[in-house]
Amino acid sequence: MTTTTENLAVTGAVGAAHTRLEGRDKVTGTARFAGEVPFAELAHGWLVLSTIARGRIRSVESAPVLALPGVLAVLHHDNAPRVNGDYPGPLGPPDPILQVFQHDRVPYVGWPVALVVAETPEQAREAAERLVVRYDEEPHDVAFSAGRPGMYTPENSPTVAAETAKGDLDAELTASAVVVDAEYTTPEEHHSPLEPHAAMARWDNGRLEVVDSNQGSRFVAEELAQLFSLDPGSVRVRSEHVGGGFGSKATRPHAVLAAMAATVLHRPVRVVLTRRQMFSVVGYRSPTVQRVRLGADADGRLRAFDHQAECLTSTVYEFVERSANFGRPMYDAAAHHTVNRVVPLDVPTPSWMRAPGEAPGSFALESALDELAEKCGMDPIELRARNEPDVGPVSGLPFSSRRMLACFQEGARRFGWADRDPRPGTRREGRWLLGTGTAAATFPSGVARSTAAVTAEADGTFTVRITAADIGTGARTALALIAADALEVAPERIHIKIADSDFGPAMIAGGSMGTRSWAWAITAAVRELREQLALGGGIPPQGITARADTGEAVMALAKKERHSFGAQFAEVAVDVVSGEVRVRRMLGIFAAGRIVNPLTARSQFIGGMTWGLSMALHEEAARDQASGGHVGADLAGYHFAAHADVPPIEADWVDDPDLDDPVGIKGIGEVGLVGAAAAIANAVWHATGVRHRHLPIRPDRVLLAGTAPGGDRDA
């Protein structure tokens, strides 16, 4: 079939609901995940983690284990291949945990100390559990608290300042008619995707081939090449299907260990992390302590804005949960101050977790805004409207678009906010106190350099190749719709190939930047392809391919404040006898750019809001001070929202295309989580009259605080 621009038809695929391209494969089991792809002569590695929080490895007694049936090797610091740790990683300096088995130091419980490799997973696990590792233990410190010794303000990164300030904060607070000064805390929280982290590595004709579960195959390939001092073209990483990521699936030790073992044994090796191991090896959200001070005139206009956030990191690598960043684009004041501080402890390194910074930061600030509205005798939505900025409060830059008030207006209409009695503790059904709350949401809308190739095939179809990652978001389908619209053909004529590092550089699936970055590259490649097709002459058997690199276009973007926004609403019922909090309904309205696929987009929003409910009422990792390790590091001990905890949730959006983007995309992956916990906490105050400033809002905390209206009591 000959394809020219004359027989390309407008389809309107973008904006119409489409089921996932891979949906049938996933529900029938045809889709193969990283831990399921078969390989000949595959060996299996089982990770052994430290049981002490600080010290040195005295010995790894591997001889008895090597004598067990099927055991092939025991790798540890005395015999593992050497790796390079002195390189700039794709997302900053590399976490030293990637330089596994390079020394005998143990910086925290859960540090990798050995890998047992055997013919079967069962043999590897039995041997790993029998392996004796002896330590010289040292005193450790895992206690996190506000203002504790060692807390410091980190250095500014190239893109994010640790501290921002303008105006005279003390003077504006003194001049304010109404002041809120409160402390809020969030606990350690964990992302544990349905699919555990897994990787297979083998050498194939001089190339290191890795099949991994990750959020960016090119990023992982480049980092493995650096670690093993290989030419970048000598590493190929594939990750076709991923069962969730949430920020946890960057380059992780399991992939490095699989490559190490494959190098030593000269055969394919797969390493799969257990659920318990994921609690210490793949990152988590740091606990936070946040002080918010707001000063306003009697009419609610802010004069002073101060958000100070503290978090922890490990002693070997700095990661900062930048909670204070949330308010920088949200509300202006004559005096505006934000700062993030961090303290290193003998704990695993935190990492990116869905809506990093914004999730805990929105709980603190949006709760404080609700307290300010109460003190001013104002409706919480009106207070936010009164403090809408015209430009970025910190940057002074114009907004690409800002439709937050439109979200509140539409949400208030649909939620029935006008019928709300603002007085707390006034609605009751038997032993249940009822309340409603709201909060704002935002998340940055970024874009990064990506490359793509689009081929016009001789049979009239088109093949798109891009190192994108579909971590369960429906990205594969969204990209097909974008390509179909750009080519003006039916989506059925598009073949999408993703998650192969050989396809070239591309943004990871993270920071709500993936689809926007990939779509830009695809549309640019399509534009080039259409120019080639317009020359005529038909399509040869090998097809016609056009490639694009968006690096220059991305760098040329005008500087603006680019964000998705939203308004969260929640209704709760609080049992005065048991202290149980039940969320009865939630509504989120978002301004998040052009929505590519309403079907999967709505799922993304609802998923984020569900996580916000879980954050508000359930999630809390407990660390034992004596051992330095977790109490109940599994999905039995770590409580999260189950189906029975989740009420009817509605998510919708207002029209908000980004006019600086070829498709109009902003990003939706994280904004659905932001503000949800605050809306629920504000609803609990409205139901009971008691402020809960510490998450999660457990039944024991509700009972301890009481449920009779009491104004500004702190729970």
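How much accessible surface does the chain have, and what percentage of it belongs to carbon and sulfur atoms? The accessible surface comes to about 26,200 Å², and 51% of it belongs to carbon and sulfur atoms; accessible areas are taken by the Shrake-Rupley method with a 1.4 Å probe, and for residues only the protein chains shown count as cover. This is a predicted model, in which local features need pLDDT of at least 70 and side-chain atom pairs count only at pLDDT 80 or more, while totals for chains, interfaces and linings use all residues. Residues are numbered from 1 along each chain as its sequence is written, and side-chain values use heavy atoms, with hydrogens and water left out.

The chain is built from 16 helices and 26 strands, where helices (H or I, at least four residues) and strands (E, at least two) are DSSP runs numbered from the N terminus. For 715 residues, a compact globule would have a radius of gyration near 27 Å, and the 26 Å of the chain agrees with this; the radius is taken over C-alpha atoms, and the globule rule is 2.2 Å times the number of residues to the power 0.38. Along the principal axes, the C-alpha atoms fill a box of roughly 75 × 75 × 50 Å. Of the 715 residues, 61% count as buried, a class that means under 20% relative accessible area, with exposed meaning over 50% and partly exposed in between (1.4 Å probe, protein chains only).

Contacts, meaning heavy atoms within 4.5 Å, show how the chain is connected. Among the contacts with a separation of 6 or more, 81% are accounted for by residues 24 or more positions apart. Gly 425 is found in the loop between α10 (404–415) and β16 (427–429), and with 25% relative accessibility it counts as partly exposed.

The aromatic rings come next. A search of the whole structure finds 11 aromatic pairs, a pair being rings of Phe, Tyr and Trp (its six-membered ring) with centres within 6.5 Å, where planes under 30 degrees apart count as stacked, over 60 as edge-to-face and the rest as tilted. Phe 246 and Trp 611 form an edge-to-face pair, at 5.0 Å centre to centre and with 90° between the planes. This pair links distant parts of the chain, 365 residues apart, with Phe 246 in the loop between β11 (235–238) and α6 (253–265) and Trp 611 in helix α14 (residues 598–617). Phe 246 is partly exposed, at a relative accessible area of 30%, whereas Trp 611 is buried, at 11%. Elsewhere, ring pairs link Phe 408, Phe 415, Trp 417 and Phe 569 into a cluster.

The backbone also has details to inspect. Phi of Phe 246 is near 60°, a positive value in a residue other than glycine. Ala 499, a residue other than glycine with a positive phi near 65°, lies in the loop between β20 (494–498) and α12 (514–533) and counts as buried at 2% relative accessibility. The peptide bond from Leu 695 to Pro 696 is cis, with omega near -5°, and Pro 696 lies in the loop between α15 (676–688) and α16 (699–705).
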